[in-house]
Amino acid sequence: GAGTAAPVCIDSNGVAAPKRIFFADFETGPTWGVFNEVVGGNPCYTATGGAVNTTNAVYVSASHSLQVWANAARELKTNHLLGRYQLWPYGANNGTWTYELWARIDPATATTGQTGPEFSVQSTQRNRDGVFRTVIAGIQYVSNPWLNHTWNVWVAASPGSRQATWVPFGQQALRAGDWYRVSLEFSFSTLRYGRLTVSSGDLHWEVSLSQYIIAEEERGWLSEAVWLTAEAGSLWAECATQTTPYDNRLFYDDIALYSLPDKCGDGKLDPTEACDDGNTLDGDGCDKCRTETGWTCNTPPGNRTTCVRLPTSSALTTTPAAAATTSASATTTFTSTVTVATTAAAATTSSAGPGTTSSAGPGTTSSA
């Protein structure tokens, strides 16, 4: 099914439960588009080599899944491939959401894959000043076994920046051939991430990402939309000398987007909030649960946030964004509890690097 919205449920405490906004099990629609990203215009990226389609080869439920096959054409080039679906033809740069999916790395291409599972929710909206801004919540697993099975999150490049970059936050290997349920919580209202959860039969890995900030990017996209992506990337191919094609096939199933109750302003600090003083007004140090420039805020356990204006001579940047550091000291390392198939393939990686953006338009993120 597609676009199925479940009724809002109320629990025994009178609290609204998450509302399912979108669901796809790939038995019937929706059709996901294909986009081959040529990162930074680099000619070693193929613009046609990837394939996105439904398949009955493997699946979680029913009898089909979405196949995202980077460099399915087996060209002597690199391929960063996006399966993408336009959820709405207008932006939604607000609200608290959970993006959930099942993902499986194909064992046949496990030694020639660079990234995937990789996924994002992207919203572009025109503000009251006429400027189009894009907010992207994205997660990337570096499946190349020579790179320590790192997980990255898409965050603001610096405090207040209109650009974003990949930042590593942990290490947890995934086993090719197994299905994993992956769930990401985030808020476009507060520009904060919540929790990432990865689980399978023998793994439950939960990580708080609340210290990371979502950027309000200015990408030059001149139309509003909300896109969902499911992606895959092949190993870097030095196209001038490459003799062996690299491909990477990912399967995705039961993709869902949930709208969560917006808790900003209730006086209780939530993982997706930097502060909560009991309202959403500006001018008091905590504006829409984001610390305002020139203020410092404190939230005692079990109490609402209180904010104090700093002396005007102090040079202060917005507090939450300061936590989104890209330095090595901010990276948390987690011990892997799952093994992954080893490979004797060359440990080649993409030279595009994190944070390289594409000018192709909505529904694209950068590859690493």
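This is a predicted model: local features need pLDDT of at least 70, side-chain atom pairs count only at pLDDT 80 or more; totals for chains, interfaces and linings use all residues.
Which residue forms a salt bridge with Arg74? The legends below start with that pair.

View 1. Residues are numbered from 1 along each chain as its sequence is written, and side-chain values use heavy atoms, with hydrogens and water left out. The partner of Arg74 is Asp247: their closest N and O atoms are 3.1 Å apart, which makes a salt bridge (a side-chain nitrogen of Lys or Arg within 4 Å of a carboxyl oxygen of Asp or Glu). Arg74 sits in the loop between strand 4 (65-70) and strand 5 (80-88), and Asp247 in the loop between strand 15 (225-234) and strand 16 (248-260), so the pair ties together parts that are 173 residues apart in sequence. Strands here are DSSP runs (E, at least two residues), numbered from the N terminus, and helices are runs of H or I with at least four residues. Asp247 is buried, at 6% relative accessible area, whereas Arg74 has 43% and counts as partly exposed. As for the cut-offs, buried means under 20% relative accessible area, exposed means over 50%, and partly exposed is in between (1.4 Å probe, protein chains only). Side chains of opposite charge can pair when their charged atoms come close. The structure holds 10 salt bridges.

**View 2. Arg249 has two partners to look for, Asp106 and Trp69.** Start with the salt bridge: the closest N and O atoms of Asp106 and Arg249 are 2.7 Å apart. Asp106 lies in the loop between strand 6 (96-105) and strand 7 (113-126), and Arg249 is in strand 16, so this pair ties together parts 143 residues apart in sequence. Asp106 and Arg249 are both buried. Now find the ring: Arg249 lies over the face of Trp69, 4.3 Å from the ring centre. A charge sits over a ring if NZ of Lys or CZ of Arg is within 6 Å of the ring centre and within 35 degrees of the ring normal. Another case is Arg84, whose charged end sits over the ring of Trp227, 4.7 Å from its centre.

**View 3. Arg133, Arg162, Glu216 and Glu218 are linked in a network of salt bridges.** One of the links joins Glu216 and Arg162, with the closest N and O atoms 3.5 Å apart. Glu216 is in strand 14 (residues 216-217) and Arg162 in the loop between strand 9 (150-156) and strand 10 (164-171), 54 residues apart. Glu216, at 26% relative accessibility, counts as partly exposed, and Arg162, at 31%, counts as partly exposed too. Arg133 belongs to strand 8 (residues 132-142) and is buried, with a relative accessible area of 19%. The side chains of Arg133 and Glu218 make a polar contact of 3.0 Å. A polar contact is a pair of N or O atoms within 3.5 Å; within protein, one must be able to donate a hydrogen and the other to accept it, and residues adjacent in sequence count only if both atoms are side-chain atoms.

**View 4. Trp151 and Trp205 form a tilted aromatic pair.** Their ring centres are 5.6 Å apart, with 55° between the planes. Rings of Phe, Tyr and Trp (its six-membered ring) pair if their centres lie within 6.5 Å; planes under 30 degrees apart count as stacked, over 60 as edge-to-face and the rest as tilted. Trp151 is in strand 9 and Trp205 in strand 13 (residues 203-208), 54 residues apart. Trp151 is buried, and Trp205 is as well. Elsewhere, ring pairs link Phe22, Phe26, Trp32 and Tyr85 into a cluster. Phe22, from strand 1 (residues 19-24), is buried, with a relative accessible area of 0%.

**View 5. Thr96 and Ser187 are joined through their side chains.** The link is a polar contact of 3.4 Å. Thr96 is found in strand 6 and is buried, at 6% relative accessible area. Leaving aside neighbours within four places in sequence, Thr96 is in contact (heavy atoms within 4.5 Å) with residues including Phe186, Tyr258 and Asp262.
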